Amino acid sequence: MPKFVVSQLKAFYGDAATKENEFAYHLHPKLPEDPATGRLENWSWAFIFDHMAQGRVDGLISFGMNPVNNGPHTRKVVYALSQLKWLVVAENFMTETAYFWRPDILATIGKKPADVKTEVFLLPAANFAEKSGSFTNSARWAQWKWKAIDPPGEAKADQEIVGRIFMKVRELYQKEGGRFPDPVLKLDRPYANPYIPTEEEIAREINGKDLTTGKQLPLFTALKDDGTTSCGNWLYCGSWTEEGNLMARRSLDDPTGLGFFHNWAFNWPANRRILYNRASADAQGRPWDPSRPGIFWDGKRWVGDVPDYPATAPPEQGWGAFIMVPEGVARLFAPKGAFVDGPFAEFYEPLESPVPNLLHPKRSHNPVAVVFKTTEWDRLGRAEEFPVVATTYRLTEMFHYWTKNNPYLVQLQPEFFIEMPEELAAEKGIENGDMVRVISARGEVRGRALITRRMRPMRVGDRTVYPIGMPIHWGFIGLGRQEGGAANILTPTVLDPNSFCPEYKGFLVRVEKA
Amino acid sequence: MAFEPLAVKAVSASVTPPPGIKNVPEVIKLIDVSSCIGCKACEVACQEWNDLPANVNRPFFGSYQTLPDLDWNFWQLIKFNEVQRDGRFIWTLTKYQCMHCGDPGCLRACPAPGAIVQYANGIVDFVQENCIGCGFCITGCPFDVPRLSPSTGKVYKCTLCSDRVSAGLEPACVKACPTKCLSFGTKDQMLAQANYRVEQLKAIGYDKAAVYNPPGVGGTHAVYVLPYGDSPEIYGLPRNPSVSFVDVWKGGLRWLGNLVVFGGILGAVLHYLRFGPRRVPEEEPVPAGPTPRPTEPVPGDNG
């Protein structure tokens with residue numbers, strides 16, 4: 001068993017994880033096996049709600065997410081939630097997910113509150129400014145931040161909500177037993193107060209320690225597979241060492257001038273600022289651009305960013321830049337089995353497209369894309385009925401689905417709108433600011449027309465295609481005009497076959513003046 | 001009004017020269033239009049710092065722009081204009097607010113002593129307690145910035161955060177800007193930065209890039225870098241703003257006002273000489289009762 005796994009199991013189960021019991025791997029949560037295929041089931045985002053829609057899920061605990069708005073295909077998600085026995089939502093504000101049983105939201109699936117048996121709990125949660133912790137940005141910098149104010153009223157930090165629920169469940173298992181109590185009873189919670197772990201305790205636990213000396217580990221290279229180290233997540237090993245909380249570093253020192261800032265926060269892995277930085281130097285270790293040397297061999301060691309290999313390994317040893325593949329060099333194609341749709345990158349039209357794929361019209365879209373057919377809303381539209389191409393996006397003024405509770409930001413963007421080209425508006429008799437309907441095979445939204453020359457008709461093949469665009473930030477609940485303008489009512493549950501990322505960004509609709 | 005008094009350079013409707021002796025550097029807010037992303041963080045920062053209310057029910061009017069224009073409780077606005085130029089489509093996101101002119105038309109036009117103050121650092125500030133709500137400043141402004149509040153009867157506009165600046169802080173909009181599109185500093189620093197940025201823009205193909213700091217109003221303390229500097233109109237900025245009409249009104253045509261005033265006095269004297277004093281009948285008793293008062297304006301209408 002790899003040292004990363006053993007160390008994680010030690011962090012989870014502590015003394016209950018021993019060499020003899022395979023470090024309690026049998027207690028670790030695992031995906032169920034599909035008896036028909038013998039393969040592990042898929043429980044990524046869209047599959048969770050598909051399983052839920054099939055009545056396979058009893059309960060859902062939802063933190064910091066608003067699936068009704070942010071998943072593809074809102075109506076399917078509302079239907080899926082209505083199949084739950086119970087739902088717990090921990091949030092800063094009332095959300096469409098916590099209130100999916102409100103008459104106007106349930107009306108989207110033709111149900112009434114009396115039809116729904118789901119028991120719903122909304123727990124007030126502290127927001128980002130009301131608790132300490134770390135943010136990891138898209139450049140992998142884990143930056144510590146400090147609580148600014150106490151959460152209002154009964155709102156609690158996420159780890160306290162989890163801690164209290166967990167301790168209550170453990171208490172019930174202790175009293176009443178159960179089918180498989182050990183994962184709950186043997187989970188190690190080495191916190192001063194197991195009901196309220198501190199952010200610092202959790203961060204130290206994630207970094208991990210040497211169990212023989214009790215010292216914080218310096219880096220993931222120190223992990224062992226014999227059960228003498230613990231580490232919640234090897235990527236963050238090195239973030240809270242014996243030197244302290246390296247995520248809290250705030251030095252603006254940048255000797256290379258390339259913006260590495262090695263002493264600002266912690267960059268997983270190993271505080272490395274650029275992955276595969278070896279690619280910035282030639283075979284002899286000389287920088288391709290001497291004026292901007294990302295990393296170079298100075299005769300004795302690698303200088304610049306943190307190398308991906310031993311810092312003193314000379315270039316002749318031939319460490320490649322791409323350390324995650326055995327050959328160490330970039331790949332032009334993927335080996336067999338790496339991607340289910342083949343070794344080469346290939347262009348496919350979206351499942352819903354008004355035109356055939358000009359490269360190979362008989363195989364317009366990805367033949368192994370995941371397409372659901374579970375509910376009556378898992379439908380795809382055809383261009384004859386839905387000739388307009390739609391996409392969705394975010395606005396700089398808003399952040400997902402919760403800034404609609406901030407009065408200043410709602411003033412900046414008060415209402416759901418649909419951007420469309422002048423030509424489409426003229427064809428449909430739509431004036432700027434008019435109310436319009438947008439209809440896809442899944443559902444319908446109403447919003448204001450924003451007619452703009454930023455969106456142009458496209459000439460594709462032998463036809464003119466109109467694109468329209470909708471920001472995602474509105475829904476049923478919040479300040480301003482929240483009248484059901486949730487863009488994801490329209491989007492399909494179609495997934496990329498490798499990443500299972502939903503195909504939010506290209507689908508077909510029809511536009512009408514309301 | 002400033003939290004700690006800033007040195008004064010000029011005061012409306014006042015002939016006494018200000019007593020400033022200190023050498024105060026002028027300040028400039030630099031707006032690099034080329035790096036604005038239209039996030040409007042500056043709009044929110046302005047409203048929050050100045051305790052101006054948010055209107056969550058404002059109508060949608062088919063634009064990304066928050067409001068059609070400035071308002072008495074909305075002192076700066078990102079203008080979103082879609083224009084076609086040289087075969088290229090441009091979406092000009094341009095911050096608009098008081099320009100803090102070197103030669104402020106509002107201050108020249110204002111008849112209320114002390115209602116408009118120009119500080120030695122260049123900030124032009126409205127002092128609402130001295131404002132009489134006549135609206136002359138609105139007419140006098142070549143940028144159409146000041147706005148009269150119907151609820152308070154006073155005129156308001158961007159203060160360049162004179163309260164923050166007097167405490168050594170940058171204006172709230174500058175602090176909030178995530179792209180460094182906005183900078184704040186001394187005039188020398190900011191003009192040097194503006195010129196440097198113009199050279200950068202020229203180097204990447206914006207050969208008409210220019211600094212917008214119009215001389216017709218004595219230069220401004222809100223200065224722009226415009227990628228298409230030869231066409232300020234596409235950014236919603238006037239090409240050649242000037243205060244000349246204020247000059248005509250309060251300078252060249254001053255004799256007319258003098259004629260009216262002194263002619264009136266002369267006429268009164270002549271009238272007295274010709275007809276003598278007016279004979280007033282004996283005063284009648286005034287009925288007792290409360291003196292009617294004008295209704296107090298209510299500040300802070302939340303719109």
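Start by selecting β1 and strand β2 (residues 86-91) of chain A: five bridges join the two, and they run parallel. Strands pair here if DSSP finds at least two bridges between them. Strands (E, at least two residues) and helices (H or I, at least four) are DSSP runs, numbered from the N terminus. Now click I61(A) and find its bridge partner in β2(A), which is V88(A).

Before going further, a word on what's on screen: this is a predicted model, where local features need pLDDT of at least 70, side-chain atom pairs count only at pLDDT 80 or more, and totals for chains, interfaces and linings use all residues. Residues are numbered from 1 along each chain as its sequence is written, while chains are lettered from A and ligands numbered from 1 in the order in which they are written.

Three strands of chain A make an open, parallel sheet, in the order β1-β2-β3. Its edges are β1 (59-63) and β3 (119-124) of chain A, each pairing on one side only. Ignoring direction, neighbouring strands are turned by 10° against each other on average (axes are lines fitted to C-alpha atoms, for helices over the stretch in contact, and angles run from 0 to 180 degrees between N-to-C directions).

Now jump to helix α1 (residues 3-13) of chain A. Is it mostly covered or mostly uncovered? Mostly covered: eight of its 11 residues are buried. Buried means 20 or more other C-beta atoms within 10 Å of the residue's own, exposed means 12 or fewer, and partly exposed is in between, with C-beta atoms placed from the backbone. Among the buried ones are L9(A), F12(A) and Y13(A). They pack against α8 (199-207) and β7 (229-230) of chain A.

Head over to R170(A), in helix α6 (residues 158-176) of chain A. R170(A) is partly exposed, because 16 other C-beta atoms lie within 10 Å. Apart from neighbours within four places in sequence, R170(A) is in contact with V184(A) and L185(A); contact means C-beta atoms, placed from the backbone, within 7 Å.

Last stop: show both chains. Their contact takes 22 residues from chain A and 19 residues from chain B. On chain A's side, the largest share, six residues, comes from α9(A).

Key
Two residues are in contact if their C-beta atoms, placed from the backbone, lie within 7 Å.
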